[in-house]
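Thanks for coming, everyone. I would like to talk through some charged pairs and then some helix packing, so please keep the structure on the screen in view as I go.

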Amino acid sequence: RPGDVERVRDMGVDRWIEWQLHPERIDEARTEQFFSDYESYGTSAAELQRKYPPPAQLLNRLGAGADRSKLSAQDSATLERSTAGVRRITTEIQSGRVARALLSERQLQEVMTDFWLNHFTVYVQKNPQERYQLAEYENRSIRPNALGKFRTLLGAVAKSPAMLIYLDNALSQA
């Protein structure tokens with residue numbers, strides 16, 4: 001970002017790295033304020049799914065199957081709200097990663113968060129429930145552990161609903 005190179009020079013590289021290694025000491029009020037408008041980052045996965053059920057599931061629940069012509073005007077509006085909500089969640093998650101990388105003062109943590117999200121990837125199209133889990137996965141499993149011990153990160157990822165869905169472990173009967 002403009003001014004970052006000068007700030008690192010003024011601070012000194014060693015001091016800047018030490019500062020970055022303790023993200024809990026870096027004020028993120030501006031970044032958190034920006035994300036307060038992102039519904040997917042401030043709402044639980046269960047609440048998002050309740051509010052915006054997957055369109056195919058909603059069609060089934062409304063008794064239309066795959067035939068939208070069977071819907072009443074009210075049901076069509078409900079389906080449209082849900083579809084728009086699902087799209088919004090997906091867009092927020094994609095744009096949120098870029099926005100945080102640009103806005104955050106916790107640059108090292110964001111680089112490592114991106115690295116670990118790429119390494120422990122989950123695919124939004126894998127399962128209709130996956131998209132509801134992604135913000136929690138990023139913010140509760142990956143980001144808090146991005147600079148910590150690998151074993152702790154691995155444990156958080158392995159227990160994450162997003163990863164369990166991605167690996168089909170949510171269906172495991174063993």
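Predicted model: local features only at pLDDT ≥ 70, side-chain atom pairs only at ≥ 80, totals over all residues.

Aspartate 4 is buried, its relative accessible area being 15%, whereas arginine 1, at 33% relative accessibility, counts as partly exposed. Arginine 1 also meets glutamate 105 in a salt bridge, here at 3.6 Å, N to O, and this pair links distant parts of the chain, since glutamate 105 sits in the loop between H7 and H8 while arginine 1 lies in the segment before helix H1, 104 residues apart. Glutamate 105 is buried as well, with a relative accessible area of 19%. These residues belong to a network of salt bridges that links Arg1, Asp4, Arg7, Arg30 and Glu105, and the count for the model comes to 16 salt bridges.

Another of these pairs joins arginine 97 to aspartate 114, with the closest N and O atoms 2.4 Å apart; it connects helix H7 with helix H8 across 17 residues.

Turning to the packing, how do H7 and H9 cross? Their axes come within 9 Å and cross at roughly 25°, which makes H7 roughly parallel to H9, because angles under 35 degrees count as such. The crossing is left-handed, and the residues of the contact divide into 6 nonpolar, 2 polar and 4 charged. The axes of H8 and H9, for their part, come within 11 Å and cross at roughly 115°, in a right-handed crossing, with Thr113, Trp116 and Leu117 of H8 contacting Tyr137, Glu138 and Ile142 of H9.

Methods:
Residues numbered from 1 in each chain as written. Heavy atoms only, no water. Axes fitted to C-alpha atoms, helices over the stretch in contact; angles between N-to-C directions. Helix = DSSP H or I, 4+ residues; strand = E, 2+ residues; numbered from the N terminus. Left-handed = near helix turned anticlockwise from the far one by under 90°. Contact = heavy atoms within 4.5 Å. Parallel < 35°, antiparallel > 145°, perpendicular 65-115°, else oblique. Nonpolar A, V, L, I, M, F, W, Y, C, P; charged D, E, K, R; others polar. Salt bridge = Lys/Arg side-chain N within 4 Å of Asp/Glu carboxyl O. Buried < 20%, exposed > 50% of the residue type's maximum accessible area, 1.4 Å probe, protein only.
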